[in-house]
Amino acid sequence: MLNTDEIRKEFPILGQKVHGKPLVYLDNAATTQKPQCVIDAISEVYCTINANVHRGVHHLSQVATEAMEQARTKVKEFIGAANRHEIIFTRGTTESINLVASSFGGTFLKSGDEVIISSVEHHSNIVPWQLLRDRIGISLRIIPLTADCRLDIEAYKGLFSERTKLVSVAHVSNVLGITNPVKEIIDIAHSHGVPVLVDGAQSTPHIKVNMQELDADFFAFSGHKVYAPTGIGVLYGKEKWLDAMQPYHGGGEMIKSVHFEKTTFNELPYKFEAGTPDYTGIIALGKALEWVESKGIENIAAHEHELTRYAVEQLRGIEGMRIFGEPDGAAVSFLVGDIHPADLGTILDHLGIAVRTGHHCAQPLMELLGIPGTVRASFAAYNTKEEVDTLIKGIERAVKMFA
Ligand code: 7TS
């Protein structure tokens, strides 16, 4: 059980008022708020150990390097990776997926090859593959949806051909809050000898992920959705793939030796970490993951599932309510009558309630659902049932206004 009263005290931002009303922050799928310990970790770096990493013999540089590498160990443990060097720091999920598209694509894909993605992908797991399509002539196969907004696994099985080279799917839909059967998806792909990239942006904050159990070949997530700062993220990749893949960015740190005629590349993970890394963000990410572990991710998940279940139950009582799919995670998407999602979002904002409205960077999914967008409420460890009640009252008020 989580003690939300105590947890809320750790998040300074939550105490404020918005438009004169206590802030009800329900946009956690977009980004989570940060606990004081994470905020402190950032200022502590600059107050005590700041120096560029990996290249100094001097004391500060060594301390900063050690702190950064400890955070890598923390990430490795958090996601159950086999090796530290399989953890690559990026700017976030978007960059992690672009890295795979560019480096895996550049190494292993050629014209005519196929990549399988799904109907529920965020734009960041669509557009990198389209860029690759335009660059080298691959094609995309899309896993369709069933009537209840789940991935159609039977249809997925039929998408494979001898040209299939990669599957790239979201672990949890950022719109529907539905967990995809990624283990099954991975097992099916592996039975065809095809590797799988899992977009873990919406699962890592809410589900205990373990790379050994999942057997994903690549796994991407963003720090800022799991109580860490913006601008830092992770790509996990199996050593056998990362080793064989060409580098992504060129520059300092990713090289062993550089001559005008020829350059040799550094070992993993540094081969994929060109330039000065965001070591401050990395250290704070380590702190955020420690914070999650201190509360227990299973406890956080149980709390969020209960909030989602309660929210769905309460929302269903509102006339004209349309909930998309049956969320099992920490987000719910809905529309009410013919109220435009942006109008509903604006009214809720005036009541101090922050929800997301629009297409949620999943325009193809909106097209499939035949809607312009949704209103999405998404939960984190610090949200409460009272906040769900405030949301419901706000929606009821909006419905009256539009009646
Ligand atoms: N993949 C999924 C499933 C996501 O939900 C998001 C961000 C991304 C990738 C991209 O993550 P980034 O950190 O690199 O930007 N999703 C959302 C959202 O639902 N609302 O704002 C951002």
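**Cavity**

I looked up the lining of the largest cavity and found A29, V172, S173, N174, G177, Q202, H206, G329, A330, A331, S378 and F379. The model is predicted, so I kept its limits in mind: local features need pLDDT of at least 70, side-chain atom pairs count only at pLDDT 80 or more, and totals for chains, interfaces and linings use all residues. Residues are numbered from 1 along each chain as its sequence is written, and side-chain values use heavy atoms, with hydrogens and water left out.

A cavity here is a set of points, on a 1 Å grid over the protein atoms alone, where a 1.4 Å probe fits but cannot get out; lining residues have an atom within 4 Å of a point. I get 1 cavity of 30 Å³ or more. The volume of the largest cavity is about 80 Å³ (the space filled by probe spheres set on the points, which are joined across faces, edges and corners). I sorted its lining into 5 nonpolar, 7 polar and no charged residues. For these classes, Ala, Val, Leu, Ile, Met, Phe, Trp, Tyr, Cys and Pro count as nonpolar, Asp, Glu, Lys and Arg as charged, and the others, Gly among them, as polar.

A pocket is an open set of points with protein on both sides within 12 Å along at least five of seven lines. The largest pocket holds about 490 Å³ of space. It is lined by 26 residues, and T94, H122, S124, H224 and K225 are the closest to its centre. Helix 4 (residues 93-108) contributes the most to this lining, with 4 residues; helices (H or I, at least four residues) and strands (E, at least two) are DSSP runs, numbered from the N terminus. I count 7 nonpolar, 12 polar and 7 charged residues in the lining.

What takes up the space of the largest pocket? The ligand does, on the rule that more than half of a molecule's atoms lie within 2 Å of the grid points. I find 15 residues around the ligand, with T94, D199, Q202, S222 and R376 coming nearest (near means a heavy atom within 4 Å). By class, this shell has 3 nonpolar, 8 polar and 4 charged residues.

A polar side-chain atom of D199 is 2.5 Å from a ligand nitrogen atom. A side-chain N or O atom of S222 is 2.7 Å from a ligand oxygen atom. From T93, a backbone N or O atom lies 3.5 Å from an oxygen atom of the ligand. The protein covers 87% of the 490 Å² of accessible area that the ligand has on its own (Shrake-Rupley method, 1.4 Å probe).

**Second largest pocket**

I put the volume of the second largest pocket at about 310 Å³. Of its 17 lining residues, A67, Q70, I283, K287 and E290 lie nearest its centre. Helix 2 (36-49), helix 3 (59-78) and helix 10 (279-295) are the elements that give two or more residues to this lining. Helix 2 gives the most, with 7 residues. The lining divides into 7 nonpolar, 4 polar and 6 charged residues.

**Backbone**

I noted a cis peptide bond between L268 and P269, with omega about 0°. P269 is in the loop between strand 12 (263-265) and helix 10. I also noted C149, which is not a glycine but has a positive phi of about 65°. C149 sits in the loop between strand 6 (139-143) and helix 6 (153-157).

Key
A polar contact is a pair of N or O atoms within 3.5 Å; within protein, one must be able to donate a hydrogen and the other to accept it, and residues adjacent in sequence count only if both atoms are side-chain atoms.
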